[in-house]
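Me: I am new to this structure and would like to go through it step by step. Please take my questions one at a time and show how each answer is reached.

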Amino acid sequence: MGTFSRTEKTLGYEYQIKGYSTLPSFNVHPIIRLACHTIDSLENLFDFKNPNSMVNRYNNGQVRLHETPELFQNVMGECLFWQKETDGLFSPFNKSMIHQGYNGNIFDPQGILKSFSMQILSEVMSGFELNDYSITVWGDTLISNTHQLAEDWILNIAQPLTVKEYKTNIISLNFENTHMKAIAKSNLQDNMENIWLPQISTPKVQDFLETTIISKDIIAADVWSLVALVEGQAVVERIQAYNQKMVNSNQTENTIEGMFLTGDYEYVFTEGFRQYIV
């Protein structure tokens with residue numbers, strides 16, 4: 001009983017998990033390890049370096065989708081959902097990169113595997129009544145609805161000192177008592193290998209150096225941060241239209257907001273982002 005903090009390494013990332021539980025500490029850590037074991041399975045399914053991995057067998061026609069494990073199908077379903085929600089701007093079908101000798105239209109969901117794994121971790125922990133936690137992976141964060149540690153609702157974003165509007169190298173966001181539970185970032189240096197959006201003939205990678213999306217859903221934040229990095233300035237209007245669609249369908253809790261760092265080291269914001277800045 002009490003606070004807990006644990007670090008796990010899987011999927012090539014370090015997962016920092018902390019929170020509070022009424023369960024004895026010796027029960028908490030096995031639950032987290034069980035959740036990470038599921039993520040280990042995710043890594044094995046989508047290991048492009050292994051010619052016998054499920055994703056390579058699927059891409060070379062050895063297995064059909066209905067013959068793949070449920071976890072594989074869930075990732076495919078999530079990818080297809082967001083492909084539709086972003087009007088095709090996000091796509092898991094890589095037409096430009098070569099993996100294991102395949103050159104063409106292959107299924108490559110690596111752009112969202114990190115956020116998908118965070119969602120898995122959240123669902124497994126909640127399934128064991130471990131409901132008070134925050135999960136941080138490589139700068140992206142997901143917070144449970146009932147998280148009690150007030151300091152964890154304040155999320156700090158590191159930024160270049162050359163940004164004109166803010167004289168500090170930290171921007172702090174306060175999510176407490178809002179529907180926002182997740183934050184995801186993308187940048188040119190770390191995410192170019194995940195960008196192959198065929199719907200954009202000339203990706204506007206010069207518009208934004210870094211993109212930050214906040215949302216209730218970590219996968220939504222991750223997807224939109226990638227889309228924003230490639231689409232550039234036009235994504236602001238696209239997000240506003242998406243938010244209006246959510247409001248019109250009584251899904252206000254699914255609205256998202258974004259902050260984008262331009263090549264001139266200035267920030268561009270969506271309409272509602274500034275309200276979260278402390």
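Me: Does Leu-11 count as buried or exposed, and at what relative accessibility?

Reply: This is a predicted model, and every value here is computed from it. Leu-11 is found in the loop between strand 1 and strand 2, and its phi is near 60°, a positive value in a residue other than glycine. Buried means under 20% relative accessible area, so Leu-11 counts as buried, at a relative accessibility of 12%.

Me: Asn-250 has a positive phi as well; does Asn-250 count as buried or exposed?

Reply: Asn-250 takes a positive phi of about 60° although it is not a glycine, and its place is the loop between helix 7 (235-248) and strand 13 (257-262). A residue is exposed when its relative accessible area is over 50%, and because Asn-250 has a relative accessibility of 68%, it counts as exposed.

Me: How many helices and strands does the chain have?

Reply: The chain has 278 residues, of which 51% count as buried. Among contacts between residues at least 6 apart in sequence, 62% join residues at least 24 apart. The secondary structure of this chain comes to seven helices and 14 strands.

Me: Where do the buried residues of helix 1 lie when seen down its axis?

Reply: In helix 1 the buried residues are Val-28, Ile-31, Ile-32, Ala-35, Cys-36, Ile-39, Leu-42 and Leu-45. Seen down the axis of helix 1, these buried residues fall within an arc of 160°. The face turned away from the buried side carries the exposed residues Phe-26 and Asn-44. The buried residues of helix 1 therefore line one face of the helix.

Me: Which elements are included in what covers the buried residues of helix 1?

Reply: Helix 1 runs over residues 25-45, and at 1.5 Å a residue its 21 residues should span 30 Å, which agrees with the 31 Å between its end C-alpha atoms. Its buried residues include Val-28 and Leu-42. The cover over these buried residues includes strand 1 (2-10), strand 2 (13-21), helix 2 (54-59), helix 3 and helix 4 (110-127).

Me: How far apart are the end C-alpha atoms of helix 3?

Reply: Helix 3 covers residues 70-85, and its buried residues are Leu-71, Phe-72, Val-75, Met-76, Cys-79, Trp-82, Gln-83 and Glu-85. Just after this helix, Asp-87 takes a positive phi of about 55°. At 1.5 Å a residue, the 16 residues of helix 3 should span 22 Å, and this agrees with the distance between its end C-alpha atoms, which is 22 Å.

Me: Which residue forms a salt bridge with Lys-114?

Reply: Side chains of opposite charge can pair when their charged atoms come close. Here the partner of Lys-114, which lies in helix 4, is found in strand 8 (residues 140-143), 26 residues away. Both Lys-114 and its partner are buried, and their side chains meet at 3.0 Å, N to O, the partner being Asp-140.

Me: What is the relative accessible area of Glu-210, which pairs with Lys-185?

Reply: The closest N and O atoms of the salt bridge between Lys-185 and Glu-210 are 3.8 Å apart. Lys-185 lies in strand 11 (residues 182-187) and Glu-210 in strand 12 (residues 208-215), so the pair ties together parts that are 25 residues apart in sequence. Lys-185 counts as partly exposed at 22% relative accessibility, whereas Glu-210 is buried, with a relative accessible area of 16%.

Me: How many salt bridges does the structure hold?

Reply: One of them joins the side chains of Lys-9 and Glu-14 (4.0 Å, N to O), where Lys-9 counts as exposed at 65% relative accessibility and Glu-14 is partly exposed at 37%. The number of salt bridges in the structure is nine.

Key
Residues are numbered from 1 along each chain as its sequence is written. This is a predicted model: local features need pLDDT of at least 70, side-chain atom pairs count only at pLDDT 80 or more; totals for chains, interfaces and linings use all residues. Side-chain values use heavy atoms; hydrogens and water are left out. Helices (H or I, at least four residues) and strands (E, at least two) are DSSP runs, numbered from the N terminus. The expected span of a helix is 1.5 Å times one less than its number of residues. Buried means under 20% relative accessible area, exposed over 50%, partly exposed in between (1.4 Å probe, protein chains only). Contact means heavy atoms within 4.5 Å. The arc is that of the directions from the helix axis to the C-beta atoms.
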